[in-house]
Amino acid sequence: MISEAKFQDELDIIIKNAIREDIGDGDHTSLSCIPADAEGKAKLLVKDEGIIAGVAFAKQVFCYVDKDLKVETFINDGEKVKYGDIVFHVSGKSQSILMAERLVLNAMQRMSAIATKTAFFADLLKGTKTKVLDTRKTTPGIRALEKWAVKIGGGENHRFALYDMVMIKDNHIDFAGGITAAITKTKKYLAEKNLDIKIIVEARSLAEIKEILANEGVYRILIDNFNYEDTKKAVALIGDQCLTESSGGINEKTIRKYAECGVDFISSGALTHSVYNLDLSLKAL
């Protein structure tokens with residue numbers, strides 16, 4: 001994953017662009033009917049059940065819109081919530097609260113849904129050594145929020161983007177002329193560019209795993225679309241030579257069985273691309 005500073009840069013970009021998109025040249029509804037100096041208070045109300053996520057992000061949004069807004073937190077990121085719970089109060093200029101409202105709600109509803117699904121998957125893996133990973137199958141423009149939500153829910157982040165980790169998949173292998181050619185070219189490229197980033201290679205068969213292992217410098221092998229028995233064989237074959245990851249249509253019904261095969265990680269695009277927003281609202285007090 002990227003550095004904390006780079007991650008914060010991504011969050012800053014998200015906030016700036018979202019406010020630009022939503023407010024434009026002004027929130028004319030609030031500007032027209034609420035005095036500029038009017039102050040108010042609102043509560044973040046939960047109307048669902050799950051894991052709350054995005055509280056820390058909401059504070060950044062409020063600060064960006066108006067540094068004088070004050071937030072009193074009652075429930076923190078990663079905690080379970082139920083219908084009727086109040087996550088926080090925000091107080092200050094009414095116009096400022098309303099300008100931040102939609103971004104806060106959109107982000108927190110999405111993040112909480114992802115955190116809730118991740119926590120569910122992580123719970124299914126309890127008692128095994130396996131950790132659940134996200135993917136790059138995220139909503140364009142808000143990847144940082146979605147990956148943050150995975151961490152809040154108890155999952156692990158895969159690479160952030162194409163630039164912070166090498167992942168040699170089937171198309172790369174085929175275009176490069178085979179596994180060995182792809183790995184050799186990659187290591188040469190990284191050395192020439194003086195890049196210290198990890199290499200993951202996808203395997204489609206046990207024969208490909210053997211070829212990957214014959215090449216040094218691979219951090220993790222992606223055991224893609226294997227059945228349970230072949231996954232067990234792959235894990236035994238790899239041993240402690242590198243880390244292992246299962247992927248390919250793994251869901252809540254199969255994730256435990258793949259974990260019991262002994263893999264280190266299971267990646268799931270469903271954590272971010274197949275969730276329903278948690279129902280939250282911001283209500284004036």
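**Questions on the model**

Modeller: Let us start with Glu208, which lies in helix 8 (residues 206-213); helices are DSSP runs (H or I, at least four residues), numbered from the N terminus. The model is predicted, so local features need pLDDT of at least 70 and side-chain atom pairs count only at pLDDT 80 or more, while totals for chains, interfaces and linings use all residues. Residues are numbered from 1 along each chain as its sequence is written, and side-chain values use heavy atoms, with hydrogens and water left out.

Colleague: Is Glu208 buried or exposed?

Modeller: Buried means under 20% relative accessible area, exposed over 50%, and partly exposed in between (1.4 Å probe, protein chains only). Glu208 has 14% relative accessibility, so it counts as buried.

Colleague: Which residues is Glu208 in contact with, leaving aside its neighbours within four places in sequence?

Modeller: Contact means heavy atoms within 4.5 Å. With those neighbours within four places left aside, the partners of Glu208 are Ile179, Glu202 and Ala203.

Colleague: How do helix 1 and helix 5 count by their angle?

Modeller: Helix 1 (residues 4-23) packs with helix 5 (residues 143-152) at about 125 degrees, their axes being 8 Å apart. Axes are lines fitted to C-alpha atoms, for helices over the stretch in contact, and angles run from 0 to 180 degrees between N-to-C directions. Angles under 35 degrees count as roughly parallel, over 145 as roughly antiparallel, 65 to 115 as roughly perpendicular and the rest as oblique. Helix 1 is therefore, relative to helix 5, oblique.

Colleague: Which residues of helix 5 meet helix 1?

Modeller: From helix 1, the residues involved are Phe7, Glu10, Leu11 and Ile14. Their counterparts in helix 5 are Ala144, Leu145 and Trp148.

Colleague: How many residues of helix 5 are buried?

Modeller: The buried residues of helix 5 pack against helix 1, helix 3 (55-65), helix 4 (94-124) and helix 11 (270-273). Among them are Trp148 and Ile152. Helix 5 is mostly covered, and of its ten residues the buried ones number nine.

Colleague: How far apart are the C-alpha centres of domain 1 and domain 2?

Modeller: Domain bounds come from an automatic or database domain assignment, which gives domain 1 (4-118 + 276-284) and domain 2 (123-271). In contact are 20 residues of domain 1 and 18 residues of domain 2. The separation of the two C-alpha centres is 34 Å.

Methods
Helices (H or I, at least four residues) and strands (E, at least two) are DSSP runs, numbered from the N terminus.
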